[in-house]
Structures are given as C-alpha cells and as structure tokens.
Amino acid sequence: MTAPPVAVSRASLYRQVMGSAAFDVLPPAVRAFHTGDGVRRWTGHAEVRRGSGPLARFVCTIFGFPATGSTVPTRLTLSSEDRGERWVRDFGGAILASRQWAGQGLEQGLLLERFGPACFATALIPENDRLRVIPRRWFLFGCPMPCALLPSGEGVERDVGGRFSFDITIGLPVIGLVVAYRGILEAVQASRENCM
C-alpha cells in the first residue's frame with residue numbers, strides 16, 4: 001500500500017482518480033458533491049441497519065458505525081487536505097471519520113480510504129445513472145490482507161431529484177452484514193451555515 005502523496009492538486013479528488021471523461025458523465029448531483037475545495041458541509045437523513053450477530057455488533061463498535069435507525073439526522077463534512085480529503089460523517093452523534101486520497105503505483109486508478117488501522121482501495125465506476133464504489137483490496141496496519149477476507153458490498157451514489165443520494169452496504173466473510181446505510185444529503189449554504 002502506498003502512503004498518501006505529499007500533496008494533491010486542487011482538482012476534484014474523484015476527477016483525479018477516475019479521469020475527466022469518466023467523471024464528467026456522472027449525474028449532476030454526484031458531480032457537484034465531489035467537486036470543490038476547502039470545507040464543504042452536507043446535511044440530511046439516513047436509514048441505518050446494523051448486522052444482528054455478535055461479531056457484526058463488535059465490528060460496528062470497533063469502527064464506530066452508527067446504530068440502527070430509520071431517519072437518523074446526518075451531517076457530512078468534507079475537508080481538503082494536502083494529502084487528499086478528510087471525511088467526517090455524523091449519524092445522529094455517531095462520528096465516523098476517514099481520509100481519502102488517490103492511489104499511486106499498484107493502486108493507480110483506485111481511491112484509497114483509511115479508517116483507523118484499516119485502509120481500503122476502491123474502484124470508482126460510473127454506470128448509467130450512478131457511481132459505484134467497489135472494494136478491490138485492503139490493508140491492515142499497512143500490510144496487504146487476503147482477498148478472501150475483503151469486505152463485501154459496495155457503495156452507490158445517485159442524483160435523486162437534484163439531491164445527492166448514497167447507499168452503502170458493508171459485509172464480511174462469515175459474519176455477513178455489518179452495516180448498511182442510505183440517505184439523501186443537501187449542501188449547506190454559507191448563509192445557513194452561519195446560523196448553525
């Protein structure tokens with residue numbers, strides 16, 4: 001696994017990973033979500049479903065995945081950093097933070113995302129009216145892990161009536177479903193942000 005690069009250009013991180021031709025065919029709300037610099041804030045609601053087994057609950061606790069709920073208030077803050085982007089997700093007070101950057105070397109063309117000691121290399125695939133985020137390989141404490149243990153599931157991003165929609169499912173071999181969350185987010189305008 002490559003370390004985050006020393007610096008990233010201020011072009012969209014997802015445009016860097018996908019290339020302009022693939023990025024430009026994304027639905028408008030998905031393109032808008034992944035375009036910008038500095039700090040961007042989004043707010044909305046999500047439906048969250050956790051796996052029911054004891055191992056699934058343990059993994060949810062370790063990674064800080066949110067509790068099950070049907071209309072969980074959701075906030076997302078994206079911050080540009082020298083090495084990519086920092087994502088802070090707030091699901092009704094449950095904070096899930098990660099860092100994302102463009103892969104290099106063997107991970108060229110993949111998006112890398114680190115949650116604590118785990119790092120995932122994912123492919124960003126535009127398909128019809130959506131963006132699919134598909135795990136390809138993963139690392140734990142910087143060491144490559146067997147593909148047989150790669151978390152299953154994928155993320156899907158769409159434009160729903162001009163709003164950004166996400167649908168994420170995460171499962172593990174033997175354990176099954178760990179967590180699934182889906183919802184809709186809207187950009188927080190600067191004038192609203194000052195009132196919050």
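Which strand gives the largest share of the lining of the largest pocket? That would be E10, with six residues.

## Ground rules

This is a predicted model, so to speak of local features a pLDDT of at least 70 is needed, side-chain atom pairs count only at pLDDT 80 or more, and totals for chains, interfaces and linings use all residues. Residues are numbered from 1 along each chain as its sequence is written, and side-chain values use heavy atoms, with hydrogens and water left out.

## The pocket

The largest pocket holds about 870 Å³ of space. Its lining counts 40 residues, and Phe65, Phe115, Phe120, Ile168 and Ile170 are the closest to the centre. Sorted by class, the lining has 29 nonpolar, seven polar and four charged residues. Here nonpolar covers Ala, Val, Leu, Ile, Met, Phe, Trp, Tyr, Cys and Pro, charged covers Asp, Glu, Lys and Arg, and the others, Gly among them, are polar.

A word on how the pocket is found: on a 1 Å grid over the protein atoms alone, a pocket is an open set of points where a 1.4 Å probe fits, with protein on both sides within 12 Å along at least five of seven lines, and a lining residue has an atom within 4 Å of a point. Points are joined across faces, edges and corners, and the volume is the space filled by probe spheres set on them.

Strand E9 (residues 155-160) pairs with strand E10 (residues 163-172) in the antiparallel sense, over six bridges. Val160 sits opposite Arg163 of E10, while Val156 has Asp167 as its bridge partner in E10. The two strands make a hairpin with two residues between them, and Gly161 in the turn has a positive phi of about 60°.

E10 also pairs with strand E11 (residues 176-187), again antiparallel, this time over nine bridges. Ile168 has Tyr181 of E11 as its bridge partner. This hairpin has three residues between the strands, and Val174 in the turn shows a positive phi of about 75°.

## Around Arg130

Arg130 belongs to strand E7 (residues 130-140). E7 runs antiparallel to E9, joined by four bridges, and Arg130 has Arg158 as its bridge partner in E9.

The side chain of Arg130 also makes a polar contact with the side chain of Glu127 at 2.3 Å. That term means a pair of N or O atoms within 3.5 Å, one able to donate a hydrogen and the other to accept it within protein; residues adjacent in sequence count only if both atoms are side-chain atoms. Leaving out residues up to four places away in sequence, Arg130 touches Leu26, Pro27, Ile125, Val156, Glu157 and Arg158, with contact meaning heavy atoms within 4.5 Å.

E3 and strand E4 (residues 94-102) pair antiparallel over seven bridges, with Phe91 opposite Ala94 of E4. Their hairpin has two residues between the strands, and Gly92 takes a positive phi near 55°. E4 pairs on with strand E5 (residues 111-115), antiparallel over four bridges; Trp101 stands opposite Leu112 there.

The structure holds ten aromatic pairs. Among them, Tyr14 and Trp87 are stacked, 6.4 Å centre to centre with 25° between the planes. Tyr14 lies in helix H1 (residues 13-18) and Trp87 in strand E3 (residues 84-91), so the pair ties together parts that are 73 residues apart in sequence. For the cut-offs, rings of Phe, Tyr and Trp (its six-membered ring) pair if their centres lie within 6.5 Å; planes under 30 degrees apart are stacked, over 60 edge-to-face, and the rest tilted.

How values were computed. Two strands pair if DSSP finds at least two bridges between them.
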